[in-house]
Amino acid sequence: MKPTHLFQAEQLVAGYEHKTVIHGVDLTIPSHKISVIIGSNGCGKSTLLKTLARLIKPTSGRVTLDGKPISKFPAKSLARIIGLLPQSPIVPEGISVADLVGRGRFPHQKMFGSWSKQDYEAVAEAMTIMDITQFANHNIDELSGGQRQRVWIAMALAQQTDILFLDEPTTFLDITYQVEILDLLTDLNRKHGTTIVMVLHDINLSARYADHMFALHTGKLVAQGTPAEVVTSERVNEIFGLDCTVIPDPISGSPLVVPKGRYHGSGVTV
Amino acid sequence: MSQMAIDFIQAGRRQRHRRWLLITGILAILAVVLCCAMLVLGNTIYPLEDVIRALSGEKIKGVSFAVSTIRLPRMLAGLFAGFAFGVAGYTFQTILRNPLANPNVIGITSGASAAAVFCIVILHASNAVISVASVIAGLITVIFIYILSRGKVFSIGRLILVGIGIQAMLDAVISYLLLISAQQDIPSALRWLTGSLNGSQMRELPPLIIIVLICSPILIGLSKHLNILELGEQSAFSLGVNTDRTRIILIVCAVCMVAIATATTGPIAFVSFLAGPIAKRLVGAGLSSIVPAGLVGVNLVLAADLIGQFAFEYRFPVGIITGLLGAPYLIFLLIRMNQKGEL
């Protein structure tokens, strides 16, 4: 089981040149849980994730790990605790799957020398969890989109961090692969206690897979809690501007957002 | 997790390692053979045995002069410049993730050349001054290209286009300097148009050798970082690489090597452009190709110089031969990138 960490953002203000996107967010990431950040396009969820994962320097406020600002950690030792899977990672041409996954071992390696026993074990474990061992010696160019996404997640897993941030890990994937990826991430969380924080686009999948949700609207945290607490028809209307009904998901019992729309409304009443 | 999975991954990786060692070994042996050929071949062919004896200090009539005054400096200039072009070209192409982004195409070589020609033709400067001026001019060219191509979001395409423009301007400057130069300076300055090992002298070599011996261990030492940078800014950062600092160290070292090599031999066309892709094709992408790229650079320069010297009736400078090899590859690459929509 991974160690417990206290990961917090305090009065976080962040953004890009001339444009503030996050306006004062306070939050604590629940350890050993799956947290999902939701919100409409441009609400700043991806910016928030990147700021938490130290890719963006906050304009003011701070992000702390176990009470110490993350900017005070040496880059390599922080990379052994916090990992990030960016939204669109860049694939080097012609690399084998195992070698790519192995690059996740960088923060654990010395400047010279080849892979240690631990490196091999970590890579094999990550590939087993993501079920891509059979592709180990294939060229990454030969893989499909869903398989490639599993390779990227495996690379982040090989990093063996206690906390893993993922920026829309299921975008561009078919629904089958989306569910598969989210199941695999849940495996990881349940078996190893890895704290997972991700941005997801699909509110219904978010509500099903999240233990904890953060709802973001125009750069402010408007709600947080269990999916049942966060995903209500009023709040979905407030955040997404969507008129909807929320019913229990027949499979999981988690909230399921059913949009109303302007047509097709005369059928069944729920 | 099963031992089988570990064994399977390990077997594949061992195989790639063996291939790397084999290819690198072959490239190294080929480089040694070419070095020997550079010493043995010439107007008169001397047996290798005599060459070795002459190099170890023995005075042999004819051999000693030809080998230590003409052939050895020529070989060493080709060896170190080739290695510098190969390693630096690979570094640029990998950092910028684009085979077009190499010192040749983006104008660093032209910057260094222009400075060298200016020092020779206008200032009649010493070798030391030429070396220093070339390195500084190379760095200034990089900074200038970077500033001009910065824009709101960094774009490699824009950087390459700006680089090509700068290169055209600097080449015009070189032509102008050659036109106004005194007759007696033209032969030495002409070297900076094509790149040549002709007339390499022992006293010109120390700056090149020193810079290559300092910078290439740094670049090779950072080759793991370079592999990580290849994954993109965000991945590299979250894997604990200080991306800005690493990139600056890599670029400064690579520019120094290219500039000093250019100051010594002139811009030997396309070597820095060809070496990386050839090495990568040979060893695969998983392991670092930086050392193989340097060796490919050496082999290209030495082989092209031997071809230029002996294959034709007239002696061609090395840059003409590498240009003949490189230009078709550039066209091929442009067509392929265009087809893939990468341009």
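Reply: Let us begin with one pair: A:A14 has its bridge partner, A:I22, in β2(A). The model is predicted, so local features need pLDDT of at least 70 and side-chain atom pairs pLDDT 80 or more, while totals for chains, interfaces and linings use all residues. Residues are numbered from 1 along each chain as its sequence is written, and chains are lettered from A and ligands numbered from 1 in the order in which they are written.

Me: What makes β2 and β5 of chain A stand at the edges?

Reply: The open sheet has 4 strands in the order β2-β1-β4-β5 (chain A), with antiparallel pairing. β2 (19–29) and β5 (68–69) of chain A each have a single partner strand, so one side of each lacks a neighbour in the sheet.

Me: Why is strand β9 of chain A called mostly covered?

Reply: In strand β9 (residues 212–217) of chain A, 5 of the 6 residues are buried. A residue is buried if 20 or more other C-beta atoms, placed from the backbone, lie within 10 Å of its own, exposed if 12 or fewer, and partly exposed in between.

Me: Which strands do bridges join to β9(A), and in which sense, parallel or antiparallel?

Reply: Strand β3 (residues 34–38) of chain A runs parallel to β9(A), with 4 bridges, and A:I38 stands opposite A:A215 in β9(A). Strand β10 (residues 220–225) of chain A runs antiparallel to β9(A), with 5 bridges. A:H217 has A:K220 in β10(A) as its bridge partner. The hairpin of β9(A) and β10(A) has 2 residues between the strands, and A:T218 takes a positive phi near 40° there.

Me: Why does A:R54 count as buried, and why does B:H124 count as exposed?

Reply: A:R54 has 22 C-beta neighbours inside 10 Å and therefore counts as buried. B:H124 has 10 C-beta neighbours inside 10 Å and therefore counts as exposed. A:R54 is in the loop between α1 (45–52) and β4 (60–65) of chain A, with a positive phi near 65° although the residue is not glycine. B:H124 is in the loop between α4 (108–123) and α5 (127–148) of chain B, and its phi, near 50°, is likewise positive in a residue other than glycine.

Me: What makes B:L213 exposed?

Reply: B:L213 has 10 other C-beta atoms within 10 Å and is therefore exposed. B:L213 belongs to helix α8 (residues 205–221) of chain B. From C-alpha to C-alpha, B:L213 and B:L79 are 12 Å apart in space, and in sequence they are 134 residues apart.

Me: Why are α2(B) and α3(B) called roughly perpendicular?

Reply: Helix α2 (residues 48–55) and helix α3 (residues 63–95) of chain B pack at an angle of about 70°, with their axes 9 Å apart. Axes are lines fitted to C-alpha atoms, for helices over the stretch in contact, and angles run from 0 to 180 degrees between N-to-C directions. Angles under 35 degrees count as roughly parallel, over 145 as roughly antiparallel, 65 to 115 as roughly perpendicular and the rest as oblique. α2(B) and α3(B) are therefore roughly perpendicular.

Me: Which residues meet in α2(B) and α3(B)?

Reply: B:D50, B:V51, B:A54 and B:L55 in α2(B) meet B:V63, B:S64, B:V67 and B:S68 in α3(B), where a contact requires C-beta atoms, placed from the backbone, within 7 Å. By class, this contact has 5 nonpolar, 2 polar and 1 charged residues. Ala, Val, Leu, Ile, Met, Phe, Trp, Tyr, Cys and Pro count as nonpolar, Asp, Glu, Lys and Arg as charged, and the others, Gly among them, as polar.

Me: How many residues does the contact take from chain B and from chain A?

Reply: Chain B provides 28 residues and chain A provides 33 residues. On the side of chain B that touches chain A, α1(B) gives the most, with 8 residues.

Me: How do you know that the radius of gyration of chain A agrees with a compact globule?

Reply: The radius of gyration is taken over C-alpha atoms, and the globule rule is 2.2 Å times the number of residues to the power 0.38. For 270 residues a compact globule would be near 18 Å, and chain A has 19 Å, which agrees. Chain A has 9 helices and 12 strands, and 46% of its 270 residues are buried.

Key: Contact = placed C-beta atoms within 7 Å. Pairing = 2+ DSSP bridges.
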